[in-house]
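This report covers salt bridges, a charged surface patch and some backbone angles. The sequence and structure come first.

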Amino acid sequence: MYKVFVNNTPIILSTKKSIEDYKVIQIKDADFPSIIRDILVKGTKYHLYHKKEDKLIEYLYTKLPVVIAGGGKVYNTNNEILFIRRNGKWDLPKGKAEKNEDMETAAIREVEEETGVTGLKITKFLYRSYHIFKRNGEFRLKVTYWFEMKTDYDGELIPQKDEGITKVKWKDRKKAKKALLDSYANITQLFSYDYLS
């Protein structure tokens with residue numbers, strides 16, 4: 001199963017033929033602009049179905065222009081997590097991969113550019129998130145490869161203002177939980193249930 005977020009509403013992609021309270025459509029027949037408008041205007045819940053799991057992502061990538069990005073859930077030596085404030089929400093640093101750039105390099109570069117933090121080391125791959133955004137009047141699918149990172153950087157945090165970032169903060173568990181109440185559902189997915197409870 002996959003979740004593709006439109007704001008904080010997930011479109012469910014799965015091999016199940018039905019999910020209660022969700023409008024079911026075969027993914028190959030899905031008209032994404034109509035589905036997105038329906039979610040934004042009416043709050044309709046959608047479940048896109050295909051009997052083969054590998055076909056779900058294959059079809060998804062044909063439905064909208066795809067933007068590939070890399071991002072980081074970054075821990076410092078105090079086990080605090082690096083957050084950014086952008087568009088009035090708390091977020092984690094991430095950004096578009098450059099042409100022929102591997103995901104690990106893209107993720108580290110974006111974290112450095114957006115926050116000023118250096119000395120980043122990837123400890124593991126977390127997962128891929130999917131969300132839909134609008135740019136120049138066109139809906140696009142952003143696929144972000146998330147990595148857990150560690151750093152012993154304790155210097156100045158520098159928000160990348162030209163990317164709309166207004167703050168960069170290290171947050172302990174209590175402050176991170178509070179920030180996640182003012183964040184995005186696809187970011188909250190990066191945190192375990194145990195962490196949030």
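## Salt bridges within helices

Glu-58 has a relative accessible area of 44% and is therefore partly exposed. In this predicted model, Glu-58 forms a salt bridge with Lys-55, with 3.4 Å between the closest N and O atoms. Both residues belong to helix H2 (residues 53-63) and are three residues apart, about one turn of the helix. Lys-55 also counts as partly exposed, because its relative accessibility is 26%.

Helix H1 (residues 32-42) holds both Lys-42 and Asp-38, four residues apart, again about one turn of the helix. Their side chains meet in a salt bridge at 3.5 Å, N to O. Lys-42 is exposed, at 66% relative accessibility, whereas Asp-38 is buried, at 14%.

## A salt-bridge network

The structure has eleven salt bridges. One of them joins the side chains of Glu-101 and Arg-109, at 2.8 Å from N to O. Salt bridges with shared partners link Glu-98, Glu-101, Arg-109, Glu-110 and Glu-113 into one network.

Buried means under 20% relative accessible area. Glu-101 is at 16%, so it counts as buried, and Arg-109 is buried at 14%.

## Positive patch and helix H4

Lys-167, Lys-169, Lys-174, Lys-175 and Lys-178 form a positive surface patch. Strand S11 (165-171) and helix H4 (173-180) are the elements that give two or more residues to this patch. The most comes from H4, which gives three residues.

Which residues of H4 are buried? They are Ala-176, Ala-179 and Leu-180. These residues lie on the same side of H4, because they cover an arc of only 100 degrees around the axis. The face of H4 turned away from that buried side carries the exposed residues Lys-174, Lys-175 and Lys-178. For Lys-178, the relative accessibility is 63%, so this residue counts as exposed.

## Asparagines with positive phi

Most residues other than glycine have a negative phi. Asn-7 has a positive phi, near 55 degrees. Asn-7 sits in the loop between strand S1 (2-6) and strand S2 (9-14). With a relative accessible area of 56%, Asn-7 is exposed.

Asn-87 has a positive phi of about 55 degrees, although it is not a glycine. The loop between strand S6 (81-86) and strand S7 (89-91) contains Asn-87. At 64% relative accessibility, this residue counts as exposed.

Technical notes:
Residues numbered from 1 in each chain as written. Predicted model: local features only at pLDDT ≥ 70, side-chain atom pairs only at ≥ 80, totals over all residues. Heavy atoms only, no water. Patch = residues over 30% accessible without salt bridge, like charges linked within 9 Å, V, L, I, M, F, W, Y side chains within 5 Å. Areas by Shrake-Rupley, 256 points an atom, 1.4 Å probe, with all protein chains shown as cover. Salt bridge = Lys/Arg side-chain N within 4 Å of Asp/Glu carboxyl O. Lys, Arg positive; Asp, Glu negative; His and termini not counted. Charge placed at Lys NZ, Arg CZ, Asp CG, Glu CD. Buried < 20%, exposed > 50% of the residue type's maximum accessible area, 1.4 Å probe, protein only. Arc of directions from axis to C-beta.
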